[in-house]
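Please read them alongside the sequence and the coordinates.

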Amino acid sequence: MAKVTLPNGSILGITDGITAKQLAEQIGPALAEAAIAAKVNGELVDLSTSITEDTDVQIITLKDEEGLEVMRHSCAHIMAEAICNIWPTTKLVYGPTVEDGFYYDIDLDESIRPDDLPRIEEKMHEIIEADSPFIRQEMTRAEALTKLAGDKYKVDNINRTDSDVISFYSHGDGFEDLCRGPHVPSTGKVGSFKIMSVAGAYWHGDPTQKMLQRVYGTAWPTKKELNEYLLRLEEAKKRDHRVLGKQLDLFSFNEAGPGFAFIHSRGMIIWNEIVDYCREVHNRFGYQEIKTPIILNEQLWHKSGHWDNYKENMYFTNFDGVNYAVKPMNCPGLCLVYKTRQHSYREFPMRIAELGLVHRHEASGVMHGLFRVRQFTQDDAHIFCTPAQIESEVIGVIELTFEIYRAFGFEDFHIELSTMPEKHIGSDEIWETATSALKVALEHKMIDYKINPGDGAFYGPKIDFHIRDCLKRSWQLGTIQLDFSMPQRFGMVYTDEDNTEKNPVMIHRAVLGSFERFIGILIEHYGGNLPLWLSPEQVRVLPISEKTNDYAKVIHDKLKEAQLRCSCNLSDEKINAKIAKAHSEKLPLMLVVGPREAQSNTVNVRIRGEKENKTIKIDEFLKIAKDKISDKEINLAF
Ligand SMILES: [Zn+2]
Ligand SMILES: [Zn+2]
């Protein structure tokens, strides 16, 4: 009898050789019904896998991220069968999962058109209704290569694995595909799906190869979740910051500088509000601020390690016969500032901020509005401290970061810790010390985090901060990177308590990352309906007719005096047209004034997104509006 340890720590005795599915039945019928796959000693396997020895077993359902992936990937197989059924000459290439769905790359001379998609979906529904089992068959590599001889794509897939056992999966009417697995137990276990689109894709991204067709699909446990996802996609389209940026006159791009954003005056108001607020928080957390040059001698970048590790993304220039680089990062400039005088342990921790303008070359294909640009401003800072201060400094950065995210209305965030990558500088020992300091700080704050093995920067391990926007999209914003290497490279030292010279610990950190990108995220998160404190124009006075223009001007003056960002629409348009215009510009507050308001010294307040209007005294309005701005309140209602 083998012993199985379940995720809750309980131990079950089982008959040797029962399948994971039978184990799920032993635990309970509800779990057996929901089961998609199993994790045996950490390895994801089919439910038909036998358990023969003492092991840790977790039954995977669609509630698990891995279960969702197994289901989506299984859906890719079903789509492949449907496509092969309609176009028998189709050659299958590979069908992995992607965020929210899956795709399958196929080689087919005839182009699949958008109006073919319902046909594919219909065929898929038939396969799912048949509820036939996914059956795994294993053979040796040599046998598999013989079986697939002549199929260059599948032979290539085999050559790319290092496993000696090659597996095939079949289901339905003899449809079979080379695959490592695992899959759902039967086609009926696939949830609600939709084929989304077809695009061209090169085999392994190689443009010298034949262009393949990539068919994208999405799949969800239930119809309801599928519909919610499709709705989120629609909503994302409406919130596209590139469209809203143009409509609200916030920024533009021009072919004179691809990937370089032109920020318009309304966009600069948002920008400056963000800068003012961040400066205030950083002052409170004990940061100093500096500014370093954008163009610096190429030699500096040899010294910093960027030349060896980052050259392909850098811009270079030459004058007076000397080579210079445009900075892709602010740290080397800061190191030069550090070295202008001597330092003592008494000054530590030293927190130095810089709103640094950096240039990083990106391929033209990946640029996307403000989200992916070639020139951006980082809310960068570096901390110099002793090894003993690392933990408390990292804790301080975490607190500052969370405070800033909350001020912008982001409450849903998570953290990832990335460890030593293959391409790195510094010894294994240094990496170990730095990584464990980050872990201890996170555990001290009782923060859950995910580990990304091998995903660290080339100069040290890092913590990344991710936020989720209102459409549940995840964005990586902030980062804390430990660096035991750059201080040595630059010969930066401090005098320690024992009067000896030592290299300080250097911590690189950013909270919002790039201002440009963050503004893009804010625009999409709020759909252009920015909180009052960030709105380029906060209030607009709308006189009902010419008769109340004078009163409107008095109100407008009072708003200006109270330092609200405001305007007054004195055009001869009808009041409804004035309101519609202000709505389209996403004005948070409108003050409609007519003879009645003029007589009682009041304003009729229209609040963006609220059905009811309110007539209140102008002084009362000013007080409420100013309080909302200084409290950075997201909710406009009053
Ligand atoms: Zn598969
Ligand atoms: Zn840095």
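1. The zinc ion (ligand 2) is coordinated by Cys331 through SG, His382 through NE2 and His508 through ND1, at 2.0 to 2.4 Å. Donors are N, O and S atoms within 2.8 Å of the metal (3.2 Å for Na, K and Ca), and sites may look incomplete because water is not among the atoms. The donor residues follow the spacing C-x50-H-x125-H.

2. This is a predicted model, in which local features need pLDDT of at least 70 and side-chain atom pairs count only at pLDDT 80 or more, while totals for chains, interfaces and linings use all residues. Residues are numbered from 1 along each chain as its sequence is written, chains are lettered from A and ligands numbered from 1 in the order in which they are written, and side-chain values use heavy atoms, leaving out hydrogens and water.

3. The histidine pair links distant parts of the chain: His382 lies in strand S23 (residues 375–385) and His508 in strand S30 (residues 505–514), 126 residues apart. Strands are DSSP runs of E with at least two residues, and helices are runs of H or I with at least four, numbered from the N terminus.

4. His382 counts as buried because its relative accessibility is 3%; His508, at 5%, also counts as buried. Buried means under 20% relative accessible area, exposed over 50% and partly exposed in between (1.4 Å probe, protein chains only).

5. Elsewhere, 5 strands form an open sheet of mixed pairing in the order S2-S1-S7-S4-S5. Strands S2 (11–14) and S5 (43–45) stand at the edges, each with a single partner strand, so one side of each is left without a neighbour in the sheet. Two strands pair if DSSP finds at least two bridges between them.
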